[in-house]
Amino acid sequence: MFRSVFTRLLIPYILILLIVLLLQSALITQLFRRDFYEEAKGEIVDSARNLTGLASAFFIRSQTQDRITLLGAIQAVQLKYDATIWVVSREGIRLQFGNPETFGMDGQDMTEALTRAEFELYLSQVLEGKTLEMEGDFLRRFEKPMLTLAYPIYVEGEVQGALFVHTRISTMSALDAEYYWLTGFFFLCTTLLGAAFIFALATRFARPLRRMNEIAGEIARGNFGEKVSVESRDEIGQLAGSFNMMAENLKRHEQLQTSFVANVSHELRSPMTSMQGFAQGMLDGTIPPEDY
């Protein structure tokens, strides 16, 4: 598939670099999501405790101003975290705040009784003074996983109700566009720098091999004058040195062969010349018959 050493070095290492960067980006993203989730969770806990205090004041005085203050605070939490908030009485009647139609500034709040399972599993524990924290669909009431916080509402030292805050986990751990831009920029810069480094490294390894291939062709054509420059002391440098030594030995053997052929030719040429002259003398009568 990859015909040159340079390509075989370059492409696999770039692929490895991309895989490592993708895995690293995914891991960092997960860590950031977890940090965002924990930070949002802490803010929601503080908001839920504040709402519990406001709900307690409303239960005690039942004044319009207390109601407006409670609803305003609930609206702020709902809008910030896309939360669904219930204020539940001891009897299990809940007042829900989950979208602009249910804030009830005109007295038209959405009310509904908790199911028996919700009452027994959750509300009964909160009415005992316990604080609940759970993740899930709240007995399939919600389609997506939610973080649910439940706090008791005290009136004169006794639990008179409960506050439930349901928030989508995906919303709490969502990262903003700036994070993705920064991550993409970091990924691009790291990829380019890594690719440049790998390109330089592959070129450094492939250059002496390519040069040796070129010089081998010259040697095959009888040109022994070229040599490979030795730029390192590693295996590639040792190979280049051995290649130069081989080329030098071939050159020496070529010279010896040429000298040997010249000497043999000279030695054979002398008696042949003598024989040719003697034969010519016999033919033209220069040499008398009694001499041969």
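The model is predicted, so local features are given only at pLDDT of at least 70 and side-chain atom pairs only at pLDDT 80 or more, while totals for chains, interfaces and linings use all residues. Residues are numbered from 1 along each chain as its sequence is written, and side-chain values use heavy atoms, with hydrogens and water left out.

**Overall fold**

The protein chain has 6 helices and 6 strands, in the order α-α-β-β-β-α-β-β-β-α-α-α along the sequence. Helices (H or I, at least four residues) and strands (E, at least two) are DSSP runs numbered from the N terminus. Of the 292 residues in the protein chain, 33% are buried; buried means under 20% relative accessible area, exposed over 50% and partly exposed in between, with a 1.4 Å probe and protein chains only. The protein chain exposes about 18,900 Å², and carbon and sulfur atoms supply 59% of that area, as computed by the Shrake-Rupley method with a 1.4 Å probe. Contact here means heavy atoms within 4.5 Å. Among contacts between residues at least 6 apart in sequence, 56% join residues at least 24 apart.

**Strands around E6**

Strand E6 (158-168) is mostly covered, with 8 of its 11 residues buried. Two strands pair if DSSP finds at least two bridges between them, and the table lists two pairings of E6.

| Strands | Direction | Bridges | Residues opposite each other |
|---|---|---|---|
| E1 and E6 | antiparallel | 6 bridges | Ile85 and Val165 |

E5 and E6 form a hairpin with 2 residues between them, and Glu156 in the turn has a positive phi of about 55 degrees.

**Two nonpolar cores**

A nonpolar core is a set of buried Ala, Val, Leu, Ile, Met, Phe, Trp, Tyr and Cys residues joined through side-chain atoms within 4.5 Å. The largest one has 23 residues, and Leu51, Ile85, Leu163 and Val165 have the most contacts inside it. Two or more residues each come from helix H1 (5-61), helix H2 (64-81), E1, E5, E6 and helix H4 (169-172). H1 gives the most, with 7 residues. Beyond its neighbours within four places in sequence, Leu51 is in contact with Leu70, Ala73, Ile74, Val77, Ile85 and Leu163. Another core of 16 residues lies apart from it, including Val88, Met134, Phe138 and Ala150.

**Helix H3**

Helix H3 (residues 116-127) has Glu118, Tyr122, Leu123, Val126 and Leu127 as its buried residues. They cover an arc of only 130 degrees around the axis, so they sit on the same side of H3; the arc is that of the directions from the helix axis to the C-beta atoms. These buried residues pack against E1, E4, E5 and E6. After H3 comes Gly129, with a positive phi near 95 degrees.

**Aromatic rings**

Rings of Phe, Tyr and Trp (its six-membered ring) pair if their centres lie within 6.5 Å; planes under 30 degrees apart count as stacked, over 60 as edge-to-face and the rest as tilted. The count by this rule is 6 aromatic pairs. In one of them, Trp86 and Phe138 have ring centres 5.4 Å apart and planes at 80 degrees, which makes the pair edge-to-face. Because Trp86 lies in strand E1 (residues 84-89) and Phe138 in the loop between strand E4 (132-136) and strand E5 (146-155), the pair ties together parts 52 residues apart in sequence. Trp86 is buried at 1% relative accessible area, and Phe138 is buried at 5%. Ring pairs link Trp86, Tyr122, Phe138, Phe142 and Phe164 into a cluster.
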